[in-house]
Amino acid sequence: MNNYLLEIGVEELPSRFVNMAIEQLREKSQKLLVENELGFKDVKVYATPRRLSLIIEGLDEKQKDITKEVKGPALKIAYDDEKNPTKPLLGFMNSQKNHRRRYCH
């Protein structure tokens, strides 16, 4: 586990917005970490009128491996007579392209 520091330099932030900026940065960063399945122990945020700082304590080095089974088109329509992928299979694979998967047939 690692610690991560992010500092953001900003234009002069009015003092009445500093607390709101701290809370938004904390909430959004925690949400982003959870959505991307990155484990962490704590998120601390500090601010001055010209700087926002975020410290993520105990950040996992990488996401945990996830196994997910996704059903595609039936085997009889997934390949033609010459064992070439058909449009339904290619369309399904294209819809899954943002996910790292191993395809079995």
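Student: Why is proline 49 called partly exposed?

Tutor: The model is a predicted one, and in it proline 49 has a relative accessible area of 34%. Buried means under 20% and exposed means over 50%, so 34% falls in between and proline 49 counts as partly exposed.

Student: Where is proline 49 found, and which residues does proline 49 touch?

Tutor: Proline 49 is in the loop between β2 and β3. Not counting residues up to four places away in sequence, proline 49 touches Val10, Glu11, Glu12 and Leu13. Contact here requires heavy atoms within 4.5 Å.

Student: What makes serine 53 buried?

Tutor: The relative accessible area of serine 53 is 10%. The cut-off for buried is under 20%, so serine 53 is buried. Serine 53 has its place in strand β3, residues 51-59. Its contacts, leaving aside neighbours within four places in sequence, are Leu6, Glu7, Leu25, Lys44, Val45 and Tyr46.

Student: How far apart are serine 53 and leucine 6 in sequence and in space?

Tutor: They are 47 residues apart in sequence and 5.7 Å apart in space, C-alpha to C-alpha. Proline 49 and glutamine 96 are also 47 residues apart along the chain, but their C-alpha atoms are separated by 44 Å.

Student: What is the phi of lysine 83, and why is lysine 83 called exposed?

Tutor: Phi of lysine 83 is near 65°, a positive value in a residue other than glycine. Most residues other than glycine have a negative phi. Lysine 83 lies in the loop between α2 (75-78) and α3 (87-95). The relative accessibility of lysine 83 is 66%; exposed means over 50%, so lysine 83 counts as exposed.

Student: Where is glutamate 37 found, and why does glutamate 37 count as partly exposed?

Tutor: Glutamate 37 is in the loop between α1 (15-35) and β2 (42-48). Phi of glutamate 37 is near 55°, a positive value in a residue other than glycine. With 43% relative accessibility, glutamate 37 is between the limits of 20% and 50%, so glutamate 37 counts as partly exposed.

Student: What pattern does the protein follow along the sequence?

Tutor: The pattern is β-α-β-β-α-α, made up of three helices and three strands.

Student: How does the radius of gyration of the protein stand against that of a compact globule of 105 residues?

Tutor: A compact globule of 105 residues would have a radius of gyration near 13 Å, but the protein has 22 Å. The C-alpha atoms fill a box of roughly 70 × 30 × 15 Å, taken along the principal axes.

Student: Into which domains is the protein divided, and what separates their centres?

Tutor: The assignment gives domain 1 (2-59) and domain 2 (68-104). Taken over C-alpha atoms, 41 Å separate the centres of domain 1 and domain 2.

Student: What share of the residues counts as buried?

Tutor: Of the 105 residues, 19% count as buried. The accessible surface of the protein comes to about 8900 Å², and 51% of this belongs to carbon and sulfur atoms.

Student: How many positive and negative side chains are there?

Tutor: There are 19 positive and 16 negative side chains. The centres of the two sets lie 3 Å apart.

How values were computed. Residues numbered from 1 in each chain as written. Predicted model: local features only at pLDDT ≥ 70, side-chain atom pairs only at ≥ 80, totals over all residues. Heavy atoms only, no water. Helix = DSSP H or I, 4+ residues; strand = E, 2+ residues; numbered from the N terminus. Rg over C-alpha atoms; globule rule 2.2 N^0.38 Å. Buried < 20%, exposed > 50% of the residue type's maximum accessible area, 1.4 Å probe, protein only. Areas by Shrake-Rupley, 256 points an atom, 1.4 Å probe, with all protein chains shown as cover. Lys, Arg positive; Asp, Glu negative; His and termini not counted. Charge placed at Lys NZ, Arg CZ, Asp CG, Glu CD. Domains from an automatic or database assignment.
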